[in-house]
Each structure stands twice: as structure tokens, then as C-alpha cells.
Amino acid sequence: MAQTDFIKDIAKYGLENDQDRLLASLNELIDHAKKSKKINFALQLQSILKDSIRQHQTNGLLKVGSSQHQQREDDREVNEFILEKLTSDYQFDSLVCTDSVKEELSYFIKEHQALDVLHKFDLPVSNRVLFYGPPGCGKTLASYVLAGELEKLMLVVNLGAIVSSKLGDTSKNLAKVFRRAAAEECIVFIDEFDTLGKVRDYSQDHGEMKRVVNTLLQLFDYLPSSSVVIAATNQIDMIDEALLRRFDVKINLELPDESHITELINKTLKSGLVELDTENDLPSIVKSCKGLSYYGIQRTLITAVKRSVIAHPRTNMTKPRINTDLWLELVRKEKQQFSSQ
Ligand SMILES: Nc1ncnc2c1ncn2[C@@H]1O[C@H](COP(=O)(O)OP(=O)(O)O)[C@@H](O)[C@H]1O
Ligand SMILES: [Mg+2]
């Protein structure tokens, strides 16, 4: 069935108020989106579905003044500070990284799978993670991997809405989001964390910045062990020392070395639908890619694949071949752009 057929079914069952069939079609559409690699679309649909289930559960008769009513009011207020709520299907093997990063991440995941044991022995739980390093090296991806592996809902914080020009409001807004995360036992993801945790930005009101850092310190301290905060930054040296110390795990995601570049290329070409031409061998291409981010390398490769396939559309009998001269040219251009930034 095509995507449009699922949408027609969903419209029909929605209008007929046929909840069971509607849910079945929606689930089929989610599976279809996953299979056709529309991961973001699938994640968004899943979040809508989960949200609606939660709404239904609290949708009984709500008296004004009841605690549930209060919860719904709070929800509305917090929603503007949340860019996205998502559940993730990403798993460990989507991320190419060093063994030590793998080890850190897997310890973190194991801790959360063994909360009972840690509680029994009265041991503290690591639940504050900082990803840092240059752009395009997997900070956002690693956060999705954690959300997927921990099977937790992730609230992606909308910093634009949280940071307020009104004195004191930024701290209040942050507190609201953390309260929600505590209530729902979910992950709070703060990208570009340096915007909040900065100490050395003199263009801002210094008093307000200090207040925000102090609020974060408190919120971090009182975060329940079943909730997690993940922060990401390209500028770790801008972040307040005391705040840095609060993170249980700090993970540096660096530019890839040759073995990681090879792994990334193989993963990206995994489907086996295309292969390299014989003009340049893989090791020499890998060498040329050194210095680029994972994202930059993946982008040049995907562009090269697209252009090669379009240039030879009639090769459906044989595997389309990637024009490696073209790919190397794209790599060279990407590097130029990177160094001129
Ligand atoms: N370490 C990595 N392993 C595999 N793919 C990566 C990695 N880093 C980046 N990518 C690719 O580049 C895209 C953008 O990376 P992203 O996680 O947004 O980088 P960052 O948040 O560090 O700027 C990812 O969705 C993924 O396709
Ligand atoms: Mg990112």
C-alpha cells in the first residue's frame, strides 16, 4: 500500500469515529514510514499517538481545582517551551564513534536498566549527560540513540522560547520544563546548551546569566533519578565550571579518524544498491575525507550517489556506480567551505 492509501483510510476512519480501525491504520502508516526511511515522520506520528493516548487517560471528568485539572493547565503553559516531544527508534549501531565513547554510553544505559539495584544499595544514578565537540559529529544523533535505547520520551527544549528578555523569566521557564520532565520521567534535551550556561558573555546582563546558571544548578540537583537531562554544545569552554561539574557523564564527539570514516561510508552504503567505480580506491577517498565531520562526509557521499544515479538512469540491470572523481571533487569543495568558516 502507498502512503496516500493509509492517509485515505485514516481520514475515513477518523470521520466515521472508528477508533480501532483508525489506530490500526495509523500504526500501519508508522511502520510504512519506518520502512521507507522517513524516520522523522515516523517519530512525529508516534509522538502524536502517545500524546493522544495520554490525553485519553486523563480525559475523565475534570473538575476545576482538581489536581488533574491543574496538570492540564500546566501542560498548556509548558508546551510552548518544548520544540518537539518524541520517542526514538535510533539504536547504538547508528552512531559511529570510538570504543571509549561506546563504553561510556553503554554504562549509562545499563545504569538506567538497573535502577532498582542502584536504589537498593543507595547508590547515586547518573542522569546528566553532556555531549560536546565540533558540529556534525553526532551530538544530536547520540541524544536520539540514548532516547531510543532507554525507551524514554524526549522533550526537545525550545531555547528560543525559554530565553526571555524579561528579568527572571528564563529561570522560571526552565523550572517549568524540568517539573514536567520529573512528572513524566522523561528526557530533557537542551541543544546549544552554551546559550544558557555561559559565563563569559559580557554582551548579556551578567546578573541574569548568573541567575540562570544558579537555577540550572538547582534543577540538576533535584532531578529525580528516573528523568534524564542531555545537553549538547559546540563550545564547552564557554560553560560555567560549576555547571560542568554537575554533569555525571561528559562525552567528547570528535572528528572521525580513518577507521571511523570507513565505517561511516560502509554504513551509509549498507543497502548495497550502489557501488564505487574503479577510478579511485576506498582508502584514498577515506584519506581525502580526513578533517571533515561525519555530516560533511555523509553529505558529499549522498550527493555523489544522487548525481551518479541520475547521470546513468538506465543501469537498472546492473548496480549503479558512484563516480568517485565527482565524489572527491565534492569532498574538496566541502573542505574549502569548512576552512573558510
Ligand atoms: N558519529 C556519527 N555517526 C554516524 N552518523 C553521524 C555521526 N555524526 C553525524 N552523523 C550524521 O550527520 C547527521 C548530523 O549530525 P548531528 O548529530 O546533528 O551532529 P551535531 O549535533 O554534532 O552537530 C546525523 O543525522 C547523521 O546522519
Ligand atoms: Mg546538533
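Helices α7 (139–150) and α15 (294–311) each supply at least two residues of the shell around ligand 1; helices (H or I, at least four residues) and strands (E, at least two) are DSSP runs, numbered from the N terminus. This is a predicted model, in which local features need pLDDT of at least 70 and side-chain atom pairs count only at pLDDT 80 or more, while totals for chains, interfaces and linings use all residues. Residues are numbered from 1 along each chain as its sequence is written, and chains are lettered from A and ligands numbered from 1 in the order in which they are written.

Ligand 1 is surrounded by 15 residues, the closest being Gly138, Lys139, Thr140, Leu141 and Tyr294; a residue is near a molecule if its C-beta atom, placed from the backbone, lies within 6 Å of it. Because domain 2 (86–252) and domain 3 (258–340) both give residues to this shell, ligand 1 lies between them. The domain bounds come from an automatic or database domain assignment.

Confidence is expressed as pLDDT, the predictor's confidence in each residue, from 0 to 100. For the chain, 88% of residues reach 70 or more.

| Region | Mean pLDDT |
|---|---|
| Chain | 86 |
| Helix α4 (residues 67–79), lowest | 63 |
| Strand β2 (residues 128–132), highest | 98 |

The secondary structure of the chain comprises 16 helices and eight strands. Just after helix α1, asparagine 17 adopts a positive phi of about 60°.
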